Amino acid sequence: MTSTVLSIGSNIGDRLARLQSVVDGLGTAVRAVSPVFETDAWGGVEQSPFLNAVLFADDPGLDCHGWLRRGQQLEQEADRVREQKWGPRTLDVDLVTCHDGDVEVIS
């Protein structure tokens, strides 16, 4: 069983719908979702605040690299563009930790 903790955030467009798209996209793999919270953006780029959440998911069909690719796929489906470091994002999916059997990957 491979399990992961993902941090998700959005500060462009319908932020809540973007977060929901991750939960919907992962479907039955999602085991728990935190409350949604709003945070100010940081990194020196002037932009709108983020809506954020954290979720726990598991899927025996994904290893840790598979979770990373799945997160990137969800970002692409949300039209994520990587033009500016620390810039605004339609969707940000970060792999916080991943447990693949006896191996733990922390990013």
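Two rings of Phe, Tyr or Trp (for Trp, the six-membered ring) make a pair when their centres lie within 6.5 Å; with planes under 30 degrees apart they count as stacked, over 60 as edge-to-face, and the rest as tilted. Apply that to this predicted model and you end up with one aromatic pair. The partners are Trp-42 and Trp-86, with 4.9 Å from centre to centre and 35 degrees between the planes, which puts them in the tilted class. Trp-42 sits in the loop between strand E3 (37-39) and strand E4 (50-58), while Trp-86 is in the loop between helix H2 (64-77) and strand E5 (92-100), so the pair ties together parts that are 44 residues apart in sequence.

How exposed are these residues?

| Residue | Relative accessibility | Class |
|---|---|---|
| Trp-42 | 63% | exposed |
| Trp-86 | 38% | partly exposed |
| Cys-98 | 0% | buried |

**The disulfide**

There's one disulfide in the structure. Cys-64 and Cys-98 form it, and their sulfur atoms are 2.3 Å apart. This pair also links distant parts of the chain, with Cys-64 in helix H2 and Cys-98 in strand E5, 34 residues apart. What about handedness? The torsion about the S-S bond of Cys-64 and Cys-98 is about -95 degrees, so the disulfide is left-handed.

For a sense of distance, take Cys-98 and Val-23: they are 75 residues apart along the chain, and 17 Å separates their C-alpha atoms.

**The nonpolar core**

Now for the largest nonpolar core, which has 20 residues. Which of them touch the most other members? That would be Ile-8, Val-22, Leu-26, Leu-55, Trp-67, Leu-91 and Val-93. Strand E1 (2-10), helix H1 (15-26), E4, H2 and E5 are the elements that give two or more residues to this core. E4 gives the most, with four residues.

Leu-55 is worth a look of its own. Leaving out residues up to four places away in sequence, Leu-55 touches Thr-4, Val-5, Leu-6 and Ile-8, along with Val-22, Val-23, Leu-26, Ala-32 and Val-33.

Note on methods
Residues numbered from 1 in each chain as written. Predicted model: local features only at pLDDT ≥ 70, side-chain atom pairs only at ≥ 80, totals over all residues. Heavy atoms only, no water. Buried < 20%, exposed > 50% of the residue type's maximum accessible area, 1.4 Å probe, protein only. Disulfide = S-S within 2.5 Å. Core = buried A, V, L, I, M, F, W, Y, C linked by side-chain atoms within 4.5 Å. Contact = heavy atoms within 4.5 Å.
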